[in-house]
Amino acid sequence: MIYGSQGSQTVAGKTAQTLISTANGRPRLIEYKLSNVGAVTVDSQFEVQLKRFTAAGTTSAVTPASTDPADPGPTLFTVGSNATVEPTYGANTPIDDTGCNPRGIYRWTAYDPRAEIILPATASNGVGFLLVTLGGAITVIVDSKVLQ
């Protein structure tokens, strides 16, 4: 089952989206897109790092949507958006570090099952999309697809 979800952030140094594991399995991040909404006032890039965390922090809950309407809701992970308390990230260990022009879209897709980003089977652990640099007055959107 594949689930899609979106998260957002408008402040640099804050997390736009978290994918939080349970102890019951190992969900896999298979795709994500980075884009923005808002009036682009400058062509300064925004930068997002995908990082692992060991404590989830505090976010607004997001309900992932299945690509198949007959599927039940996800049981191996939860999703959060717009962190008010940051997750506890590992130091200097980004999985991906991407700078994007605010007029474009960045898309990452696992080219092979071995390239999928696997979340641990440990409660409150997972990955987060940390907005490192914000170019202009925009809202960064993270759109992720997770295989459960």
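E116 is buried, at 17% relative accessibility; buried means under 20% relative accessible area, exposed over 50%, and partly exposed in between, with a 1.4 Å probe and protein chains only. This is a predicted model, in which local features need pLDDT of at least 70 and side-chain atom pairs count only at pLDDT 80 or more, while totals for chains, interfaces and linings use all residues. Residues are numbered from 1 along each chain as its sequence is written, and side-chain values use heavy atoms, with hydrogens and water left out.

E116 has a charged partner. Its side chain meets that of R28 in a salt bridge, 3.4 Å from N to O. The pair links distant parts of the chain. E116 sits in the loop between β9 (106-109) and β10 (117-118), and R28 sits in strand β3 (residues 28-37), 88 residues apart. Strands here are DSSP runs (E, at least two residues), as helices are (H or I, at least four), numbered from the N terminus. R28 is partly exposed, at 28% relative accessible area.

How many salt bridges are there in the model? The count is five, where a salt bridge is a side-chain nitrogen of Lys or Arg within 4 Å of a carboxyl oxygen of Asp or Glu. Another one involves strand β3 as well. The side chains of D143 and K33 meet at 3.8 Å, N to O, in a salt bridge. This pair also links distant parts of the chain: D143 belongs to strand β12 (residues 139-147), K33 to strand β3, and they are 110 residues apart. D143 is buried, with a relative accessible area of 15%. K33 is partly exposed at 32%. The pair is part of a network of salt bridges, in which K33, D143 and K145 are linked.

R114 and D112 form a further salt bridge between their side chains, 3.1 Å from N to O. R114 is exposed, at 76% relative accessibility. D112 is partly exposed, at 22%.

S5 lies in strand β1 (residues 2-9). Is S5 buried or exposed? S5 is buried, at 2% relative accessibility. Setting aside residues up to four places away in sequence, S5 touches Q17, L19, V62, P64, V79, V142, D143 and S144; contact means heavy atoms within 4.5 Å. With Q17 there is also a polar contact, side chain to side chain, at 3.1 Å. A polar contact is a pair of N or O atoms within 3.5 Å; within protein, one must be able to donate a hydrogen and the other to accept it, and residues adjacent in sequence count only if both atoms are side-chain atoms.

Strand β2 comes next. Seven of the eight residues of strand β2 (residues 14-21) are buried, so the strand is largely enclosed by the rest of the structure. Which strands pair with β2? Six bridges join β2 to strand β11 (residues 126-133), and the two run antiparallel. Strands pair if DSSP finds at least two bridges between them. T18 stands opposite G128 in β11. β2 also pairs with β7 in the antiparallel sense, over five bridges. There L19 stands opposite V79.

P74 is in the loop between β6 (65-66) and β7 (77-85). P74 is partly exposed, at 23% relative accessibility. Leaving aside neighbours within four places in sequence, P74 is in contact with Y3, P64 and Q148. P74 and V42 are 32 residues apart in sequence, and their C-alpha atoms are 39 Å apart in space.

The aromatic rings remain. A search of the whole structure finds five aromatic pairs. Rings of Phe, Tyr and Trp (its six-membered ring) pair if their centres lie within 6.5 Å; planes under 30 degrees apart count as stacked, over 60 as edge-to-face and the rest as tilted. One of the pairs is Y3 with F77, edge-to-face, at 6.0 Å centre to centre and 70 degrees between the planes. Y3 lies in strand β1 and F77 in strand β7, so this pair ties together parts 74 residues apart in sequence. Both Y3 and F77 are buried.

Y32 and Y106 form a tilted pair, 6.2 Å centre to centre with 45 degrees between the planes. This pair links distant parts of the chain, with Y32 in strand β3 and Y106 in strand β9, 74 residues apart. Y32 is buried, at 2% relative accessibility. Y106 is partly exposed, at 25%. Y32, Y106, W108 and F129 form one aromatic cluster.
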